Amino acid sequence: MRGYRGVKYTLFVCCYVFWVVSALLIAVGTYAKVAKEKDVVDTLTVDPALLLIIVGSVTFLITFIGCWGALRNATCLLKTFLGILVVALLLQVAAGVVGYLFTDLVMERTERLMLNAVDRYREDRDLENAIDFIQKKFHCCGVDSYKDWSKNVYFKCSDTNPSLEACGVPFSCCKPETNQTVLNTMCGYGMQEEDESSARDEVFTAGCLEKTILWAKNHLLLVTGLSAGLLLLEVCMICLAAAQIAWIKKVQRLQRDNENRDRLERKDSLWFPAFADFDDE
């Protein structure tokens with residue numbers, strides 16, 4: 001019985017932790033979505049708030065099923081939870097295999113997605129902050145180079161562009177100055193008109209796609225460890241759910257056997273030996 005309680009409450013605690021985290025994701029995503037202006041990006045690929053809401057909602061539903069099934073010993077809910085985890089695990093493994101076999105295709109799709117995000121810069125505050133964070137973090141600018149910012153309507157380098165930021169790049173592309181206390185948001189103005197050797201003195205010229213891949217290669221152990229840890233956690237939750245289902249079925253089978261045995265004993269008690277003596281002594 002102690003073993004069963006250990007399996008049950010371990011599964012419940014794991015699901016509960018993810019359930020709380022998913023609720024926080026939904027809250028943050030909803031707050032960010034409500035706080036935006038009306039005319040903002042509303043597509044999943046370039047809207048971080050919408051992505052948080054969807055991921056949080058799916059995780060919330062799955063972990064709620066796991067929590068309730070583990071707590072109430074509901075085999076139907078536990079089987080549903082187990083099935084969803086198995087499908088999710090298989091999809092993740094398949095995605096990893098496909099990504100490894102079709103690296104060029106994945107890189108092409110990733111580049112297209114990042115260029116789409118560059119094109120939507122300034123239209124979504126969350127997307128803008130995410131791009132600025134990436135460019136500062138990885139010391140990069142644009143997707144393939146700093147010239148990619150010409151694809152954005154505000155930074156497009158043409159004589160007909162009335163924007164003050166025409167032929168420029170966002171301030172997050174600028175190299176930080178020593179002992180800088182006030183942020184210079186105009187440091188990237190006109191940088192696209194400079195050649196790479198001259199622009200390199202003021203801004204980062206390397207693309208973020210290349211820098212991100214380089215960071216992943218340099219931190220391969222960390223990336224592999226996080227991926228393996230997530231998969232291992234899913235496998236552990238699958239094993240816990242399967243163990244609880246097996247234990248519940250075992251208890252139910254024993255209860256049925258006991259009920260059948262009691263029924264037979266009651267039935268036998270109605271019959272007496274043919275020469276039984278019922279006289280009072």
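Let me start with Asp132, which sits in helix α5, spanning residues 125–138, where a helix is a DSSP run of H or I at least four residues long, numbered from the N terminus. Before I go on, this is a predicted model, in which local features need pLDDT of at least 70 and side-chain atom pairs count only at pLDDT 80 or more, while totals for chains, interfaces and linings use all residues. Residues are numbered from 1 along each chain as its sequence is written, and side-chain values use heavy atoms, with hydrogens and water left out.

Asp132 is buried and yet has no salt bridge, the nearest side chain of opposite charge being Arg122 at 5.7 Å. Buried here means under 20% relative accessible area with a 1.4 Å probe, protein chains only, and a salt bridge would need a side-chain nitrogen of Lys or Arg within 4 Å of a carboxyl oxygen of Asp or Glu. As for charge, Lys and Arg count as positive and Asp and Glu as negative, with His and the chain ends not counted. Setting aside neighbours within four places in sequence, Asp132 is in contact, meaning heavy atoms within 4.5 Å, with Tyr121, Pro170, Phe171 and Ser172.

Let me turn to the nonpolar cores, each a set of buried Ala, Val, Leu, Ile, Met, Phe, Trp, Tyr and Cys residues joined through side-chain atoms within 4.5 Å. The largest has 18 residues, of which Leu11, Cys15, Leu78, Phe81 and Met237 touch the most other members. At least two residues of this core come from each of α1 (2–35), α2 (48–72), α3 (75–101) and α8 (220–268), and α8 gives the most, with six residues. Not counting residues up to four places away in sequence, Leu78 touches Leu11, Gly66, Gly69, Ala70, Gln244, Ile245 and Ile248. There is also a second, separate core of 17 residues, which includes Leu127, Ile131, Cys174 and Met191.

Now to Val7, which lies in helix α1. Why is Val7 counted as buried? Because its relative accessibility is 14%, and the limit, as I said, is under 20%. Val7 is 234 residues from Ala241 in sequence, although the two are 8.2 Å apart in space, C-alpha to C-alpha. Leaving aside neighbours within four places in sequence, the contacts of Val7 are Leu240, Ala243 and Gln244.

Conventions
Buried < 20%, exposed > 50% of the residue type's maximum accessible area, 1.4 Å probe, protein only.
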